[in-house]
Amino acid sequence: LPWACKYVLKVMHEDERKQSIQLKKTYFDSYMLCVSRPMYRTVDITGASKMIVGHSAATAYITSEIIYYMKKYLCNSINALRLLFLDYGIQYMEKKLYNKIETIKGKVPYLDKNNIEWGAAAVIPYSKEMESLINFKDFGSYCIKVGVDYSKKGIRERTKQINGLPIETSLEQLKKYDLNTIIIGYLDRLECYSEVWSMNYILQFALMQNYNVFSFLPVPADIRIQFTEKKLILREAKVYDNVYFKQIKEIVPYSLHCKLPVLGVFGTSSKQGKFTLQMLIRRELNYRCIKHVSLLTEHQAELLDTSICFPIGYKGEKNIQINIEAWIEVIQKSLYYLEQTTDAEMILTGGQSWLIPHNIDRQIAIYNLAFLEAIRPDFSVVVVNPEIDSMEYICDTIKSLQVIYKIQTIGIAFSDKKVVLRGRAVLRRPRDEQNKVEISNYLQQGTGIYAGCITDYDFINEIVNIFITKTS
C-alpha cells in the first residue's frame, strides 16, 4: 500500500476480516466498493498501536482482501475480485469493473477510417513528398507508375527518369499508362508556368479520363460534386474546420489526457529527414508487432495508413482552418479517442522544422510550442544538421524539450546526406560510412546522448529498444 509503506507492518487482524462489502452506484454512472466498518488496528515500525479509519481503511481492507484471495486461489487480481464478489454475494458485472464513466459518446468516422485501394497512380509534381510515398509504399494501397513535372531539373534527358520512375512533362502523356489515380501535391511552382498546371485543370482532366484523385490540399466543393456524380473517388488530406471541431467535442466531451507513452521526432530546421525517420521507426514497430497510434504532420501521411494526419507544415493553413487553441484540443481529444477505442500501446509523432528559432526576429516558435502542448511527448529524438548547427544550439534545443514539458531526449539523429554551402546555395551530398562514424562520435561526446544516422538500421533498432526499456 503506497500510502502506508513507511509506517504499517501489519494491516489486518484475522478477527477484522469479517466486514461486509457492498457495490453502490455513485455519480457519473460509476460504481464504488463500500466497506461497512472502515476502521481497523495496525502497528507502525516502532511497534506502536495505530487506528486507520475512513477511505484509507476501506482501501486497505479491500486491497488486503484481494491479495488474500490471490494467495488462496493462486489467481490474478481480476479473478480474485470475481471470487470476492461471489463470497460477499455481490452480483458481478463486467461493465461495473470497466468503463466506469462513458467518456466516448459515439464514433469519429475519420479516426475509424478504412484504407482506400488507389491502384496504379501518377504523381504531380515529382517532389520530396512524392519520393516518401515511393519509399514507403508498403504502408499504402497504391502503386506509383509515373510522375508528371514541368521542370526537367534532375531528369535524365535520354530516358526521362528520376530514380527509375518515368517522368512525363504533360498531362496528355498520362493517357498511354493504365492508371487508376492521380495524386496531386503542391502546385504553386508549376502554376507559375501555365494554367494547365492549376488544380482545377488537373481535376477536370481526371474527370475526363475517369481517374480517382487524392489531393494534398482542399478541393472546391463544386468539383467534389462532379466526382460523386461520376462515382469516382476524390479524397484530400484531412481538413480541420469548425464543423469537425464541434463534432469531436461532442463525441469526446471531457478534457482527459491520453496516458499512452509518446515518442516524438523533432529537429533544428526543415528538410532534415524527420518524416523519413518517423516512417522508419513505424516500420520497425510494425516488424516487432508493437501496436501504435501514428500522428504525422505532412500531407502525404494521409496515404500511408496514418492514424491522424495533421499537416502543420508547408501549406498547412489550407487544411487547418481552426485557431491554435482549438487544434490543441482536437489533437488531444483525437489521441484520447484512439487510446480508448484501439489496443495501441504507444504514440509516435513528430514536429515540423525547428523548435527554437535561429533568428528570433524572423522566426516564430508558437506553432511548434502549441504542437508540444497538444501531444506532450515523454521521449524524443532530435534531428540536427551537424555541418550547420552549433553544439550550443543543439544543446539548447534538447534543453528546451526538457525544460518545457520534461521530455527526455533518447537519441540525436542526422541525415544520410551532408549539407554543403556554396555561396547562397545549399547542396546535399551522400555521406560515406567514415563520416557517419565521425559525426556520431562528435554528437555523442557533445551531448552525452546516443547518436546515429536516420537511415541506419542499427540506430533505428536501438532507439526503439531504448524507448521500450524506459516505458516498460
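1. Two strands pair if DSSP finds at least two bridges between them. Helices (H or I, at least four residues) and strands (E, at least two) are DSSP runs, numbered from the N terminus.

2. This is a predicted model: local features need pLDDT of at least 70, side-chain atom pairs count only at pLDDT 80 or more, and totals for chains, interfaces and linings use all residues. Residues are numbered from 1 along each chain as its sequence is written, and side-chain values use heavy atoms, with hydrogens and water left out.

3. Start with the open sheet. Seven strands form it, in the order β7-β8-β6-β5-β9-β10-β11, with mixed pairing. Its edge strands, β7 (161-162) and β11 (234-236), each pair on one side only.

4. Strand β10 (residues 212-215) runs parallel to β11, joined by three bridges. Here S215 stands opposite E236. Helix α6 (residues 199-209) packs on the sheet and touches β5 (119-124), β9 (181-184), β10 and β11 (contact: heavy atoms within 4.5 Å). The direction of α6 makes about 170° with that of β9 (axes are lines fitted to C-alpha atoms, for helices over the stretch in contact; angles run from 0 to 180 degrees between N-to-C directions).

5. Now turn to strand β17 (residues 408-414). Strand β16 (residues 379-384) runs parallel to β17, with six bridges between them.

6. The bridge partner of I412 in β20 is A451.
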